[in-house]
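Please look over the sequence and the model before reading on.

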Amino acid sequence: MLFDHELAWKDPAIYKEIYVNSIAAPEKFWEYHQNTLFPEGNYNASFNCLDRHAKITPHKNAIIWYGDEYCERREISYARLLEMTERIASELIRRGIRKGDSVTICMPMTPESIASMLACCRIGAIHNVVFSGFSANALNERIFRSASKIVLTVTAGSRGGKMIPSLHNVLAAIGDMDVDVLLVDHVDDFPMDDGALSVEHMKYDDPMFTLYTSGSTKEPKRIFHSCGGYQLYSAMTFKYVFDAKPEDIHFCTSDIGWITGHSYITYAPLFLGLTIVIFSGTPMHPDGGRYWQIIENERVSIFYSAPSAIRCLASLGEESVRNYDLSSLKVLGCVGEPMNEAAWKWLFTNVGKEKCPIMDTWWQTETGGIILAPLHNVKYQKPGFASMPFFGVAPGIENEELIIKNKNWPGLSSNFVRDDQIYHTGDKAMVDDDGDFKILGRIDDVVNICGHRLGTSEVESVVNALGEIEESAAIGVPHRIKGQALCIFATTTADLDQDQKESVAKEITTRIRQDIGAIAKPDKIVFIPELPKTRSGKIKRNILKIIGKKQNIDYDAADMQSIINISCIKEIEHAMTHAIKM
């Protein structure tokens with residue numbers, strides 16, 4: 001059977017043959033590539049990402065770091081990154097951390113944060129990275145649920161011109177919990193330990209890390225990924241979707257607090273020996289040229305970002321890009337949410353100069369790596385389409401939902417049993433006559449803000465805790481820049497005048513910032529007399545979504561017959577016109 005991906009870049013017919021083989025004989029297919037990527041049979045990610053390259057190309061840059069301001073830049077070679085990792089690993093060992101222990105990492109985007117992840121892998125500890133923008137309460141829950149023995153952080157950081165009090169947030173999150181704190185601002189202060197120099201032997205199915213992802217339940221879901229399968233799948237998808245080679249300079253604008261920052265900032269690029277560019281700032285600070293300046297300075301060849309960032313930069317016009325030399329780029333990518341056609345065309349024309357294919361990728365925390373992408377040498381580009389399945393993955397559509405009809409690709413979270421049962425993605429999708437997939441958005445109650453997935457029930461629990469609030473419903477509404485924004489419908493325990501409503505709205509926003517984080521700040525709060533409900537008491541959020549999108553309601557639709565208080569809908573529509581904008 002033909003399994004060699006390199007040939008797939010030459011001819012679409014070869015791609016199809018390899019894809020068919022990967023579905024028909026998955027065990028042989030993945031074994032072939034497992035033996036190719038792990039010739040030494042070593043599944044320790046620290047060894048695979050560092051030791052192999054530090055031995056052959058010690059002086060090659062592993063990381064080029066850019067800070068919040070233009071003047072902040074650092075180069076970290078593979079040899080230096082290995083030393084930083086060993087020193088952090090040594091300190092973890094000195095503090096009693098061993099294989100199988102849980103370690104929480106809450107840090108901004110710095111070389112030390114990546115070294116911390118790799119240090120955990122080196123000694124077999126299971127890292128649990130939490131986005132540094134989360135509130136102390138959200139961090140507390142994730143530390144507690146992961147049963148972490150220690151939290152790695154820094155004193156403070158800066159993002160978008162604002163100081164992030166990392167240590168303060170961590171200490172507030174820990175409270176009286178019996179959890180150690182390790183500051184990694186100055187890793188050279190950590191003495192080397194012989195135990196850190198020897199890499200812990202890891203089996204293929206040993207747990208490697210956990211991440212929390214928002215779902216339709218109140219509590220964030222804890223997702224596990226194992227050493228062998230995760231590295232195999234993330235490295236393969238990066239290599240073949242982006243045509244990644246060791247000489248490439250790769251710039252992914254995500255954060256290590258999300259799965260993208262795990263798979264396509266840290267593990268896959270370093271596994272393959274690339275130089276990665278990391279950025280701890282925002283695309284608009286101090287101006288809208290940061291991404292383009294970095295690409296020009298470092299001769300970046302692979303650029304992977306989020307549609308929300310692209311839409312934001314596109315709003316500045318083509319002149320914001322015109323004065324930068326972006327000729328080093330060979331491939332572009334987007335992740336986090338569906339890419340609208342206007343943003344796709346702006347990126348293709350103004351950044352890629354109509355020469356760079358755009359990998360509009362779809363995948364999830366649970367999948368470990370890219371599931372759908374338009375492999376760029378195989379097929380023409382289709383704006384807005386995630387396009388084709390990666391090898392070994394069999395997608396389909398069931399009741400408008402994107403499903404994966406098999407569970408035997410190696411990147412799938414170890415939370416899920418690898419059997420013949422269907423994997424339900426929770427995303428709505430369609431497939432055209434060419435067999436290309438287009439993602440249409442979430443089916444469940446999850447809001448996607450700038451590529452960050454937030455469970456609406458987690459937001460509602462914060463709102464409902466206020467004494468003035470009787471109950472609430474949070475939904476996502478379209479937003480030109482963010483993709484989706486949060487809109488909260490709330491009923492109150494007593495009648496409020498306009499000034500009182502505005503005061504309560506401010507309190508809601510403050511509580512959400514404190515308990516979840518600034519990313520969950522609502523754009524609109526709508527005070528209504530009652531929420532539309534079914535006879536069983538279920539809130540009809542789909543009706544609220546229609547109102548939030550300012551669409552017409554079909555009162556004759558069968559779905560409307562289940563609502564027992566249908567008269568309130570007119571009142572909600574009226575209240576929407578007086579929504580309090582935050």
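The notes below are grouped by topic.

This is a predicted model, in which local features need pLDDT of at least 70 and side-chain atom pairs count only at pLDDT 80 or more, while totals for chains, interfaces and linings use all residues. Residues are numbered from 1 along each chain as its sequence is written, and side-chain values use heavy atoms, with hydrogens and water left out.

**Helix H11**

- Helices (H or I, at least four residues) and strands (E, at least two) are DSSP runs, numbered from the N terminus.
- Helix H11 spans residues 290-298, and seven of its nine residues are buried, so the rest of the structure largely encloses it; buried means under 20% relative accessible area, exposed over 50% and partly exposed in between (1.4 Å probe, protein chains only).
- The buried residues of H11 are Arg290, Tyr291, Trp292, Gln293, Ile294, Ile295 and Glu298.

**Strand S25 and its partners**

- Seven of the 10 residues in strand S25 (residues 483-492) are buried, which leaves the strand mostly covered.
- Strands S24 (residues 469-479) and S25 run antiparallel and are joined by 10 bridges; two strands pair if DSSP finds at least two bridges between them.
- Within this part of the model, Gln484 of S25 is the bridge partner of Pro478.
- The hairpin from S24 to S25 passes through three residues.
- S25 runs parallel to strand S26 (residues 524-527), with four bridges between them.
- Val526 in S26 is the bridge partner of Phe489.
- From S25 the chain crosses through helix H16 (residues 498-515) to S26, a right-handed β-α-β crossover; right-handed means that, with the strands pointing away from the viewer, the path from the first strand over the helix to the second runs clockwise.

**Two buried helix residues**

- Ser22 lies in helix H1 (residues 12-24) and is buried, at a relative accessible area of 1%.
- The Ser22 side chain reaches the backbone oxygen of Tyr19 at 2.6 Å.
- Residues up to four places away in sequence not counted, Ser22 touches Phe29, Phe391 and Gly392; contact means heavy atoms within 4.5 Å.
- Glu112 belongs to helix H5 (residues 111-123) and is also buried, with a relative accessible area of 9%.
- A polar contact of 2.9 Å links the side chains of Glu112 and Arg74; such a contact is a pair of N or O atoms within 3.5 Å, where within protein one must be able to donate a hydrogen and the other to accept it, and residues adjacent in sequence count only if both atoms are side-chain atoms.
- Apart from neighbours within four places in sequence, the contacts of Glu112 are Arg74, Met84, Ile88, Met107, Val184 and Val187.

**Pro532**

- Pro532 sits in the loop between S26 and helix H17 (541-548), and its 0% relative accessibility counts as buried.
- Neighbours within four places in sequence left aside, Pro532 is in contact with residues including Lys538, Leu544, Ile563, Cys568 and Ile572.
- Pro532 and Trp363 are 169 residues apart in sequence, with 33 Å from C-alpha to C-alpha.
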